[in-house]
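Here are a few exercises to work through with the model open beside you. Take each task in turn before reading its solution.

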Amino acid sequence: PTEAVTKPDAADAPADDPRPIPPEQPELEDCCNSGCSPCVFDLYDEALARDRVELAEWEARHAPPKPQS
């Protein structure tokens, strides 16, 4: 019988290549509203952008092999 190939998730990831953990979004109260540069929300946006790239790279490494035709 043929086994169904499923997309790996964090539980299936090897210990030496865990799924990236997204950054925690700051609370509205974390911003002091003083016009800081960078603001906690700017830092979060930058971290979120890095996380998207890291996740895409991780998913590419853990993608199931494409079936041969």
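**Exercise 1.** Classify Arg19 as buried, partly exposed or exposed, then find its salt-bridge partner.

*Solution.* Start with accessibility: Arg19 has a relative accessible area of 31%, so Arg19 counts as partly exposed in this predicted model. Next, look for the partner: Arg19 forms a salt bridge with Glu59, and their closest N and O atoms are 3.8 Å apart. Now place the two residues: Arg19 is in the segment before helix 1 and Glu59 is in helix 1, so the bridge ties together parts 40 residues apart in sequence. Finally, check Glu59, which is partly exposed at 30% relative accessibility.

**Exercise 2.** Search the whole structure for salt bridges, and describe the one that Arg61 makes.

*Solution.* The search gives two salt bridges. In one of them, the side chain of Arg61 meets that of Asp17, at 2.9 Å from N to O. Arg61 belongs to helix 1 and Asp17 to the segment before helix 1, 44 residues apart. Asp17 counts as buried, because its relative accessibility is 18% and the limit is under 20%.

Conventions
Residues are numbered from 1 along each chain as its sequence is written. This is a predicted model: local features need pLDDT of at least 70, side-chain atom pairs count only at pLDDT 80 or more; totals for chains, interfaces and linings use all residues. Side-chain values use heavy atoms; hydrogens and water are left out. A salt bridge is a side-chain nitrogen of Lys or Arg within 4 Å of a carboxyl oxygen of Asp or Glu. Helices (H or I, at least four residues) and strands (E, at least two) are DSSP runs, numbered from the N terminus. Buried means under 20% relative accessible area, exposed over 50%, partly exposed in between (1.4 Å probe, protein chains only).
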